[in-house]
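I opened this notebook to record what I looked up in one structure.

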Amino acid sequence: MRILVAVTIGLLPLFLRKPPIKDWLLVYFFNAISNGFIDQIIAKQKIVKYPVRLLPKLFKKHIVFDYLVYPTITIFYNQVTSKDKPITIFYKLLFFSIPMLFVELWAAKKTDLVDWKKGWAWYHTLISITIKSSVTRLFIGLVRAIDKKQMINQYAANQ
């Protein structure tokens, strides 16, 4: 887990260097906040357990994944799809979701990082990562569309 934290912290500044930084910060915080909210529900319902986690006395959720790893991956995903059409965005999403699924499968079988309970299966992980990443991508797309419209209106008002 320490290596994962170190690698992610090392990658985060590289991903945040690419403009527009406000978009990537919005993606990061939207993803992190919604991850924490969703994982809190899942952990409280004991659908998924995290036997080994950072600050186990304070959190039942996996704060390293929720607040660091997945939001950082989401920034990169949004950067590589920022100018793509919907079908390409979906294929690239699978390119990100499927490896994350395999990492979680490995972690569930070989480590104490995640323990699936109450009928949770691999396809739940794939579907949830795909939907969650799509919602985040839609969110930043909506923010960009609103920003563009405001800039056009501001430009028209100044003319």
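**Entry 1. Conventions**

I worked with a predicted model, in which local features need pLDDT of at least 70 and side-chain atom pairs count only at pLDDT 80 or more, while totals for chains, interfaces and linings use all residues. Residues are numbered from 1 along each chain as its sequence is written, and side-chain values use heavy atoms, with hydrogens and water left out.

**Entry 2. Salt bridges**

I asked how many salt bridges a search of the whole structure finds. The search finds five; a salt bridge here is a side-chain nitrogen of Lys or Arg within 4 Å of a carboxyl oxygen of Asp or Glu.

I looked up Asp147 and found its side chain in a salt bridge with that of Lys22, at 3.5 Å from N to O. Asp147 lies in helix α5 (residues 122-158) and Lys22 in helix α2 (residues 21-44), so this pair ties together parts that are 125 residues apart in sequence. I took helices (H or I, at least four residues) and strands (E, at least two) as DSSP runs, numbered from the N terminus.

For accessibility, buried means under 20% relative accessible area, exposed over 50%, and partly exposed in between (1.4 Å probe, protein chains only). By this scale Asp147 is partly exposed at 26%, and Lys22 is partly exposed at 45%.

I then turned to Asp23, which forms a salt bridge with Arg144, their closest N and O atoms being 2.8 Å apart. Asp23 belongs to helix α2 and Arg144 to helix α5, so the pair ties together parts that are 121 residues apart in sequence. Is Asp23 buried or exposed? Asp23 is buried, with a relative accessible area of 4%, whereas Arg144 is partly exposed at 22%.

I noted that Lys22, Asp23, Arg144 and Asp147 are linked in a network of salt bridges.

I also recorded the salt bridge in which the side chains of Lys92 and Asp84 meet, at 2.6 Å from N to O. Lys92 is partly exposed, with a relative accessible area of 27%, and Asp84 is partly exposed as well, at 23%.

In soluble globular proteins, nonpolar side chains tend to be buried together.

**Entry 3. Lysines in loops**

I examined Lys118 and placed it in the loop between β2 (115-116) and α5. Lys118 is exposed, with a relative accessible area of 64%.

Lys46 lies in the loop between α2 and β1 (48-49). Lys46 is exposed too, at 53%.

**Entry 4. The backbone**

I noted that most residues other than glycine have a negative phi, and most peptide bonds are trans. Lys46 has a positive phi of about 60 degrees although it is not a glycine.

Which peptide bond is cis, with omega near 0 degrees? I found that the bond from Pro19 to Pro20 is cis, and that Pro20 lies in the loop between α1 and α2.
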